[in-house]
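Trainee: Let's go through this model together. Start with how the terms are set, please.

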Amino acid sequence: MVSSRDRSPAVPTAPAAVARAVFVSPRHLQALFHEQQTSVARYVMKRRLDRAHHDLADPRLAHLSVADIATQLGFRRPSHFAYVFRTQFGLSPREHRYSDR
């Protein structure tokens, strides 16, 4: 439901805004995510981090800086992106980018 738009920095993470975007009530949206034991914000964050993980390892995107990739995925501050990336994957975005090369 959210995945087709989660790459855009303009994707809302507030439940009410996401609910409006997908034409359901905020209560129904929260219930759907609650059934999956997560929240809208956590789901969107995980999708963005997974995409960043993929993009940072993609040699076709080597011309983009870590900050460029983070910005494209909706992260406003590189330091926040680096923190949540390290928390999720156990290494920095830069370390991940160069780990397979």
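Mentor: Helices (H or I, at least four residues) and strands (E, at least two) are DSSP runs, numbered from the N terminus. What you see is a predicted model, where local features need pLDDT of at least 70, side-chain atom pairs count only at pLDDT 80 or more, and totals for chains, interfaces and linings use all residues. Residues are numbered from 1 along each chain as its sequence is written, and side-chain values use heavy atoms, with hydrogens and water left out.

Trainee: How many helices and strands are there in the chain?

Mentor: Read along the sequence, the pattern is α-α-α-α-α-α. That gives a count of six helices and zero strands.

Trainee: What percentage of the residues of the chain count as buried?

Mentor: Buried is under 20% relative accessible area, exposed is over 50%, and partly exposed is in between (1.4 Å probe, protein chains only). The chain has 101 residues, and the buried share is 29%.

Trainee: And how much of the accessible surface belongs to carbon and sulfur atoms?

Mentor: Accessible areas come from the Shrake-Rupley method with a 1.4 Å probe, and for residues only the protein chains shown count as cover. The chain's total is about 6,700 Å², and the carbon and sulfur share of that is 53%.

Trainee: Of the contacts with a separation of 6 or more, what share comes from residues 24 or more positions apart?

Mentor: A contact is heavy atoms within 4.5 Å. Among contacts in the chain with a separation of 6 or more, the share from residues 24 or more positions apart is 59%.

Trainee: Is I69 buried or exposed?

Mentor: I69 belongs to helix α4. Leaving aside neighbours within four places in sequence, I69 is in contact with A52, D55, L56, L61, L64 and R97. Because its relative accessibility is 0%, I69 counts as buried.

Trainee: What separates the C-alpha atoms of V84 and L49?

Mentor: V84 is part of helix α5, and because its relative accessibility is 13%, V84 counts as buried. Residues up to four places away aside, V84 touches M45, L49 and F75. V84 and L49 are 35 residues apart along the chain, and their C-alpha separation is 8.0 Å.

Trainee: Are α3 and α5 roughly parallel or roughly perpendicular?

Mentor: Axes are lines fitted to C-alpha atoms, for helices over the stretch in contact, and angles run from 0 to 180 degrees between N-to-C directions. Angles under 35 degrees count as roughly parallel, over 145 as roughly antiparallel, 65 to 115 as roughly perpendicular and the rest as oblique. The two helices pack at about 90°, with axes 11 Å apart. Therefore α3 and α5 are roughly perpendicular.

Trainee: How do the residues of the contact of α3 with α5 divide?

Mentor: The contact is made by M45, L49, D50, A52, H53 and L56 of α3 and H80, F81, V84, F85, Q88 and F89 of α5. Ala, Val, Leu, Ile, Met, Phe, Trp, Tyr, Cys and Pro count as nonpolar, Asp, Glu, Lys and Arg as charged, and the others, Gly among them, as polar. The contact of α3 with α5 divides into eight nonpolar, three polar and one charged.

Trainee: What is the phi of F23?

Mentor: Most residues other than glycine have a negative phi, and most peptide bonds are trans. F23 is in the loop between α1 (15–21) and α2 (26–35), and is exposed, with a relative accessible area of 74%. Phi of F23 is positive in a non-glycine residue, near 60°.
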